[in-house]
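Let's take a walk through a protein model, one piece at a time. Keep the picture open while you read.

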Amino acid sequence: MEPALKMRHDPVYPSRRSPILADNVVATSQPLAAQAGLSILQQGGNAVDAAIATAAALTVVEPSGNGLGSDAFCILWDGKALHGLNASGRSPAAWDFNRFQDGMPNLGVDSVTVPGAVSAWVSLSERFGKLDLSTTLAPAARYAEEGFIVSPVIAKLWAIAAELLADQPGFAQTFLPGGHAPKAGQRFHNPGAAETLREIGRTKGASFYKGALAEKIVKFLKDHGGAMTLEDMASHQPDWCGTLKTSFDDVDLHEIPPNGQGIAALMALGILDHTGIREHGPDDVMAVHLQIEAIKLAYRDLHAYVADRDDMTEIDERALLDPDYLKARAALIDPARAIDHGVGAPKRGGTVLLNTGDASGMMVSFIQSNYAGFGSGVVVPGTGISLQNRGAGFDTVRGHPNCVAGRKRPMHTIIPGFAMKNGEPLMAFGMMGGPIQAQGHVQLLLRTEVWGQDVQTAACAPRWRMIDGVQVACEPTMSKQLRDGLSALGHQISVESPDNAFGFGGAQLVQRLPEGGYVAGSDPRKDGQAVGF
């Protein structure tokens, strides 16, 4: 593989974006959040400080995808080594199989696990930050207190959520002023979130897990029949878990170990290593066919075996990433036809992603999510804390490694991505949108590192998403010739709306330049922006 860093001025695909080149960069899905991170860099903060500021601002200005009650994961290069952080929360100790005999609820208090995003901010700040946590959270608190003008894509998602969540505890009180979701161009205030952010900063997160904020969260959940306790909150700890990797020629793709779906991207890439994909162009029928088939194989194993790492007792990541096993899986791909490998149908979700890089060479890939849009719909009154619904990620099949149980992490869809080359950092990247994330990581990596597309071109390229069996969704920007070619191989192709930001992801990419500095790309499917100086 000979990746060539290309800078195009003639876009290959329709786009409203141009790549950003600078020594210090932030790329994320909402312009105000990107500017919050940039302001922290300009105050002398590093890429970690900027990531925290951006993540906190996203909980305010993009509540349709994340919140103060989210979970989070991070991969970062500190200038010398790569680190992985798992800040996903565990289920209440009182949860057991009998509580969920009718299946896992998607909404409400019994979909809420311990929220971990705040612990990620605290851990990152304490270990790698240059500025104090209160300083990095200040831009987000200001947006919440003074209000911000709602942007178009977020306004649309907010309106959809209003119809679904209006009756959930605390939702309307915080997010439906006057009984309605704010429209694009309207100003929204969240004073409770402002005070919560300031208290998190003052107490370095202690209030959220062991103090006044924890008490408010637990009391509100209990008042509505939830099982969360103060002990559940206080026992939460994020894990510095390292990363798993798969090599493809001279590039290493790094992902967070289970309980996330990142291992599916590694498996698919390892399978593709044993195919002829290098012989084809990025939009050739055979290149896309091979990727779809590799993803099917990886996702079948993902949904059969991946869970909280402590519960993967029979099949673990070593078995799933064994080179001989992946070579054998590749042999199952038929270049002449699509095959139903029996993959389960994943669910969609709502997430935010950001990537940062600073002049010292530090790079961060950070992702946080409420899972399904606003999450559970449960919002603690007066705090701005919207709680995720990650409990919906558990299975209710006895004996399955991801079967619901107490003090256990559910299987997660959100994954940060990071690429290394010859031991040096190459790219912090990722994608939003539930089940497309591992699929999207493969698509983005191949486009940038095999086919030499610049990061903005890769972000704008038409994407596809394997759904189930031989069903594949694609964007209308995919050429008819490519769609017809895939159909001829037996793929059942459906075209989805270009407004489906979660269905096809909001990709953000920050790539290190050979002589220093970065090139950043942001996704036109959301209100995203890359900024730098």
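In which strand does Tyr371 lie? It sits in strand S11, which covers residues 363-371. Before going on, keep in mind that this is a predicted model.

Tyr371 has a positive phi of about 80°, although it is not a glycine. For background, most residues other than glycine have a negative phi. Is Tyr371 buried or exposed? With a relative accessible area of 8%, Tyr371 is buried, because the cut-off for buried is under 20%.

Asp249 is another residue of this kind: its phi is near 60°, again a positive value in a residue other than glycine. You'll find Asp249 in the loop between strand S8 (244-248) and strand S9 (251-255). Asp249 has a relative accessibility of 36%, so it counts as partly exposed.

Now look at helix H3, residues 117-128. Its 12 residues reach 16 Å from the first C-alpha to the last, close to the 16 Å expected at 1.5 Å a residue. How many residues of H3 are buried? The count is 10 of 12, so the helix is mostly covered. Among the buried ones are Ala117, Val118, Trp121, Leu124 and Phe128.

The largest nonpolar core has 72 residues, and Trp121 is one of the five that touch the most other members, along with Trp158, Phe208, Met233 and Phe366. Helix H2 (residues 47-61) gives the most to this core, with 10 residues. Leaving out residues up to four places away in sequence, Trp121 touches Ile52, Ala55, Ala56, Thr59, Leu68, Leu133, Leu137, Leu197, Phe366 and Gln368. Apart from this core lies another one, of 63 residues, with Ala294, Ala298, Leu302 and Ile415 among them.

**Helices side by side**

| Helix pair | Angle | Distance between axes |
|---|---|---|
| H2 and H3 | roughly 160° | within 9 Å |
| H4 (133-146) and H7 (191-203) | about 175° | 8 Å |
| H11 (262-272) and H14 (323-330) | about 70° | 8 Å |

Which way do H2 and H3 run relative to each other? They are roughly antiparallel, because their angle is over 145 degrees. Their crossing is left-handed. On the H2 side, the contact is made by Val48, Ile52, Ala55, Ala56 and Thr59, and on the H3 side by Trp121, Leu124, Ser125 and Phe128. As a general point, an α-helix has 3.6 residues a turn, so residues three or four places apart point the same way.

H4 and H7 come out as roughly antiparallel too. Among the residues in their contact are Leu133, Leu137, Ala140 and Ala144 of H4, together with Ala194, Leu197 and Gly201 of H7.

For H11 and H14, the angle makes them roughly perpendicular. H11 passes H14 in a right-handed crossing. H11 brings Met267, Gly270 and Ile271 to the contact, while H14 brings Tyr325, Leu326, Arg329 and Ala330.

**Buried residues in loops**

Val306 lies in the loop between helix H12 (285-305) and helix H13 (317-320), and it is buried, with a relative accessible area of 1%.

Asn402 is buried, with a relative accessible area of 2%. Besides Val306, the residues Asn402 touches include Ala307, Phe394, Asp395, Arg409 and Met411.

Finally, find Gln453 in the loop between helix H15 (436-450) and helix H16 (455-460). Is Gln453 buried or exposed? At 11% relative accessibility, Gln453 counts as buried. Not counting residues up to four places away in sequence, Gln453 touches Tyr13, Pro282, Arg447, Thr448 and Ala458.

Definitions and conventions
Residues are numbered from 1 along each chain as its sequence is written. This is a predicted model: local features need pLDDT of at least 70, side-chain atom pairs count only at pLDDT 80 or more; totals for chains, interfaces and linings use all residues. Side-chain values use heavy atoms; hydrogens and water are left out. Helices (H or I, at least four residues) and strands (E, at least two) are DSSP runs, numbered from the N terminus. The expected span of a helix is 1.5 Å times one less than its number of residues. Buried means under 20% relative accessible area, exposed over 50%, partly exposed in between (1.4 Å probe, protein chains only). Contact means heavy atoms within 4.5 Å. A nonpolar core is a set of buried Ala, Val, Leu, Ile, Met, Phe, Trp, Tyr and Cys residues joined through side-chain atoms within 4.5 Å. Axes are lines fitted to C-alpha atoms, for helices over the stretch in contact, and angles run from 0 to 180 degrees between N-to-C directions. Angles under 35 degrees count as roughly parallel, over 145 as roughly antiparallel, 65 to 115 as roughly perpendicular and the rest as oblique. A crossing is left-handed if the near helix is turned anticlockwise from the far one by less than a right angle, and right-handed if clockwise.
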